[in-house]
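Dear colleague,

Please find the structure below, handed over for your reference. My notes on it follow directly after.

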Amino acid sequence: MINNVVKNSLTADKTSDTQYPIEELLKQRWSPLAFSDRPVEPEKLCSVLEAARWAASSFNEQPWSFIVATKDNQTEFHCLLNCLAEGNQEWAKNAPVLIVSVAKLYFERNGVENRHAFHDVGTAEANLAIQATALGLFIHQMAGFDVPKVREVYDIAEGYEPVAAIALGYLGDPQTLSQRLLQRELAPRTRKPLEEFVFSSRWNQRSPLVKSH
């Protein structure tokens with residue numbers, strides 16, 4: 001059982017200090033390294049996948065697929081776990097659910113390359129993340145995984161590309177992490193200020209909409 005003092009302190013540290021007001025769920029979402037071994041209820045897992053299903057996409061192509069492995073099937077779980085980078089396996093092995101998202105690279109409607117496919121998969125994953133947060137779950141998305149290995153292990157067809165790996169579950173005790181990972185877990189969240197990336201008139205010219213902070 002996670003220590004309440006540690007949990008409360010960690011939650012307080014990870015709540016966003018935003019420049020402008022945003023929805024509470026967006027402020028509460030973050031990407032932990034410490035996951036509990038508590039299983040995710042099937043109905044909750046289906047709920048977060050349903051949220052991904054209803055994401056917007058170019059021409060409503062819905063170019064996403066999700067490969068899901070839970071600890072209910074240890075063989076499947078370790079198969080996906082072994083596709084992750086070694087550094088990610090260290091902590092992701094404790095999550096009860098692992099997922100890999102896959103993008104369909106060509107439009108179904110005409111066979112033309114869909115340059116928005118990765119964007120649309122990312123939108124679906126954002127929906128998934130917010131629904132997970134609403135249910136008391138957390139996700140941690142990873143670029144660190146072996147794309148050719150995923151393609152081979154899961155026999156992914158041509159025209160499809162693995163996008164990201166995801167660990168999903170309930171928040172765990174950060175004190176179970178190595179010292180190196182614990183420092184990452186307890187570090188405050190940071191974001192670039194709006195004035196660094198909101199432009200008007202020409203590239204890299206700060207928009208008058210945002211004020212310097």
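Predicted model: local features only at pLDDT ≥ 70, side-chain atom pairs only at ≥ 80, totals over all residues.

Residues are numbered from 1 along each chain as its sequence is written, and side-chain values use heavy atoms, with hydrogens and water left out.

S57 sits in the loop that runs between α3 (42–53) and β1 (64–70); helices (H or I, at least four residues) and strands (E, at least two) are DSSP runs, numbered from the N terminus. S57 counts as buried because its relative accessibility is 16% (buried means under 20% relative accessible area, exposed over 50%, partly exposed in between, with a 1.4 Å probe and protein chains only). The side chain of S57 reaches the backbone nitrogen of Q62 at 3.0 Å, and a polar atom of that side chain lies 3.3 Å from the backbone nitrogen of E61. Beyond its neighbours within four places in sequence, S57 is in contact (heavy atoms within 4.5 Å) with Q62, P63, W64 and D120.

G111 belongs to the loop between β2 (97–104) and α6 (117–134) and, at 45% relative accessibility, is partly exposed. Its C-alpha atom is 10.0 Å from that of G159, 48 residues apart along the chain.

In the segment after α8 (179–186) lies S201, a residue other than glycine with a positive phi near 75 degrees. S201 is exposed, at 76% relative accessible area. N204 also lies in the segment after α8; although not a glycine, N204 has a positive phi of about 70 degrees, and with a relative accessible area of 54% N204 is exposed.

With kind regards

Notes
Polar contact = N/O pair within 3.5 Å; in protein donor to acceptor, adjacent residues only side chain to side chain.
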